[in-house]
Amino acid sequence: MTDFVGVIGEALVDVVLSDTATPRAHVGGSPLNVAVGLARLGENVFFTGRYGCDEYGTMVREHLQRNGVVSVLAPDELPTSVATARLDPTGVAHYDFDLDWSLPETSEIARLVRGVLEQGGQRRALRHLHTGSIATMLEPGASTVMELLATLEPDVTLSYDPNCRPSIVPDRATARRRAEESVALADIVHASDEDLAWLYPERSLEDVIVEWQRIEPAMVVVTRGEASLLCATAAGLSEHPVTPVEVADTVGAGDSFTAALLVALKDRGLLGAENRERLRGISAEDTTSVLAYAARAAGITSSRLGADPPTRDELG
């Protein structure tokens, strides 16, 4: 039986602008980047997210195919979503969005996913599902995603990255509530320091991730750019170094971190509902090892332009 890892969330095209280079367009969207990152690390991956029949939609479809990611949804008649990323002098991206987040009903998505798992007469297992960014926050699709997560939670492990976009969901209280609802369903959470600083401006990162971990997840990780990682597990709060790199830009670096973290956990037999208790008891040694692997992936992506995650061979 061949295991699958699923991802649900937005697909879009990033149009990257800077003061020093010609504008360029490439496929993005945080969940889509995670799906591609997982596939490049050798996982069987399906992606559930909408895109259109237009030129940008063709870019999305071909990008998924080229990276071996199975698309659950066919292109629709709406325009493909676009994110305009403006790079500051340090290479950090700041985004504006023109997007639609609509999905079929939960029952239809479940039917389409079953079709992927049973393709070719095989019966393949869904081991893990990842979501994040606007998928759980922007209506009308967010309610569908939350219903799907609650339905699948007994049967798979779940991961979540809030990847907050205040320009899309500007109501901090609403975003915080939905983030906490998502955390309550998740086994693994990865957030950036920017996410948590926006969601909880009066609180320390340490306090937030410890509280989130106590809600439900086995592991809550916060990345802080070139600074060390913070991680909360049942064993407590820990800090982990990262290796500095020469940054080309930060587009997709956090998504590469998420993908590599999930692969490292899966390699250790810690994903899948039947392994949930083992994941909750993850050792300090395994925590250090999986975070180092994920940080290397993020560093490689930061060292090159665009959301270009590494392969397993590149990570070693």
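Residues Ala, Val, Leu, Ile, Met, Phe, Trp, Tyr, Cys and Pro are counted here as nonpolar, Asp, Glu, Lys and Arg as charged, and the others, Gly among them, as polar. On this basis, the lining of the largest cavity in the predicted model comprises 8 nonpolar, 2 polar and 1 charged residues. The lining is made up of Ser133, Ile134, Met137, Pro162, Asn163, Cys164, Arg165, Pro166, Val169, Ala175 and Trp198. The volume of this cavity is about 50 Å³, and the model contains 3 cavities of 30 Å³ or more.

The largest pocket has a volume of about 1,200 Å³. Its lining is formed by 47 residues, among which Ser192, Glu194, Thr250, Ala253 and Gly254 lie nearest the centre. Two or more lining residues are contributed by each of several elements, including strand 2 (12–17), helix 1 (30–40), strand 10 (188–192), helix 6 (193–199), helix 8 (253–267) and helix 10. By class, the lining of the largest pocket divides into 19 nonpolar, 18 polar and 10 charged residues.

The second largest pocket has a volume of about 250 Å³ and is lined by 17 residues, with Ala110, Val113, Leu117, Leu126 and Leu152 nearest its centre. The elements that supply two or more residues to this lining are strand 1 (3–8), strand 4 (45–48), helix 3 (106–117), strand 8 (125–132) and helix 4 (141–152). Helix 3 gives the most, with 5 residues. The lining of the second largest pocket contains 11 nonpolar, 3 polar and 3 charged residues.

The nonpolar interior was then considered. In soluble globular proteins, nonpolar side chains tend to be buried together. The largest nonpolar core holds 46 residues, of which Phe46, Leu196, Leu199 and Trp212 touch the most other members. Beyond its neighbours within four places in sequence, Trp212 is in contact with Pro162, Ala179, Glu180, Val183, Val189, Ala191, Leu196, Leu199, Tyr200, Pro217 and Val220. A second, separate core of 44 residues includes Val45, Ala218, Ala264 and Ala298.

Leu291 is located in helix 10, which spans residues 284–302. Leu291 is classed as buried because its relative accessible area of 0% falls under the 20% cut-off. With neighbours within four places in sequence set aside, Leu291 is in contact with Val221, Leu229, Cys231, His240, Phe257 and Leu261. The C-alpha atoms of Leu291 and Leu261 are separated by 6.4 Å, although the two residues are 30 residues apart along the chain.

Terms used: Residues numbered from 1 in each chain as written. Predicted model: local features only at pLDDT ≥ 70, side-chain atom pairs only at ≥ 80, totals over all residues. Heavy atoms only, no water. 1 Å grid on protein atoms, 1.4 Å probe; cavity = no way out; pocket = protein on both sides within 12 Å on 5 of 7 lines; lining within 4 Å. Points joined across faces, edges and corners; volume = space filled by probe spheres on them. Helix = DSSP H or I, 4+ residues; strand = E, 2+ residues; numbered from the N terminus. Buried < 20%, exposed > 50% of the residue type's maximum accessible area, 1.4 Å probe, protein only. Contact = heavy atoms within 4.5 Å. Core = buried A, V, L, I, M, F, W, Y, C linked by side-chain atoms within 4.5 Å.
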